[in-house]
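Colleague: I have a model open on my screen. Can you show me how to read its features?

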Amino acid sequence: MSAFLHNIELYLTYIVEFCTILLELFGVIVLVFTAVKCFIQWIRRDSKLRLDLAQGIALSLEFKMGSEVLRTVVVREWAELGILGAVIVLRGLLTFLIHWEIKHEEEALEKQN
């Protein structure tokens with residue numbers, strides 16, 4: 001029974017690590033796609049540039065935060081949990097600030113039109 005539980009734990013660790021890498025990859029892909037799209041908007045002098053960039057960064061951070069939350073499943077030590085907690089808090093704070101910026105940018109665009 002102990003060997004069975006050990007194998008289940010090992011498989012769970014592999015699955016979580018794979019999913020964590022996948023979520024991190026999604027975050028990177030979203031960020032790079034947003035950066036390229038916004039660079040093209042910057043060349044065209046599009047007024048929605050800041051809004052689109054903020055939304056892309058926010059979505060990318062959500063994927064990255066999801067990977068950090070998933071990573072807490074396989075944490076073994078308190079120090080590691082503390083570091084993960086700090087990363088999650090910082091990313092959450094960044095996401096909150098970006099959403100605040102998005103709200104104000106949308107209001108500014110509405111006043112412009």
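Colleague: Why does Thr13 count as buried?

Modeller: First, the ground rules. This is a predicted model, where local features need pLDDT of at least 70, side-chain atom pairs count only at pLDDT 80 or more, and totals for chains, interfaces and linings use all residues. Residues are numbered from 1 along each chain as its sequence is written, and side-chain values use heavy atoms, with hydrogens and water left out. Now the term: buried means under 20% relative accessible area, exposed over 50%, and partly exposed in between, with a 1.4 Å probe and protein chains only. Thr13 counts as buried because its relative accessibility is 15%.

Colleague: Where is Thr13, and what does its side chain reach?

Modeller: Thr13 sits in helix 1. Helices are DSSP runs of H or I with at least four residues, strands are runs of E with at least two, and both are numbered from the N terminus. The side chain of Thr13 reaches the backbone oxygen of Glu9 at 2.8 Å. Contact means heavy atoms within 4.5 Å. Leaving aside neighbours within four places in sequence, Thr13 is in contact with Val74 and Arg76.

Colleague: And is Leu12 buried, exposed or partly exposed?

Modeller: Leu12 also belongs to helix 1. Leu12 counts as partly exposed because its relative accessibility is 43%. Leu12 and Val74 are 62 residues apart in sequence, yet 8.3 Å apart in space, C-alpha to C-alpha.

Colleague: How do I check the span of a helix?

Modeller: The expected span is 1.5 Å times one less than the number of residues. Helix 1 covers residues 2–44, which is 43 residues. From first C-alpha to last, helix 1 reaches 63 Å, close to the 63 Å expected. Helix 2 has 23 residues, and its end C-alpha atoms are 33 Å apart, which agrees with the 33 Å it should span.

Colleague: Which residues of helix 1 are buried?

Modeller: An α-helix has 3.6 residues a turn, so residues three or four places apart point the same way. The buried residues of helix 1 include Thr13, Val16, Thr20, Glu24 and Gly27. Helix 2 (49–71) and helix 3 are among what covers the buried residues of helix 1. In turn, the buried residues of helix 2 pack against helix 1 and helix 3.

Colleague: How do helix 1 and helix 2 run relative to each other?

Modeller: Two packed helices are described by the angle between their axes and the distance between the axes. Axes are lines fitted to C-alpha atoms, for helices over the stretch in contact, and angles run from 0 to 180 degrees between N-to-C directions. The axes of helix 1 and helix 2 come within 8 Å and cross at roughly 170°. Angles under 35 degrees count as roughly parallel, over 145 as roughly antiparallel, 65 to 115 as roughly perpendicular and the rest as oblique. Helix 1 and helix 2 are therefore roughly antiparallel.

Colleague: What comes after helix 1?

Modeller: Arg45 follows helix 1. Arg45 is in the loop between helix 1 and helix 2. Its phi is near 60°, a positive value in a residue other than glycine. Arg45 is exposed, with a relative accessible area of 67%.

Colleague: Is Arg91 buried or exposed?

Modeller: Arg91, in helix 3 (residues 78–112), counts as buried because its relative accessibility is 18%. Leaving aside neighbours within four places in sequence, Arg91 is in contact with residues including Glu24, Leu61 and Lys64.

Key: Polar contact = N/O pair within 3.5 Å; in protein donor to acceptor, adjacent residues only side chain to side chain.
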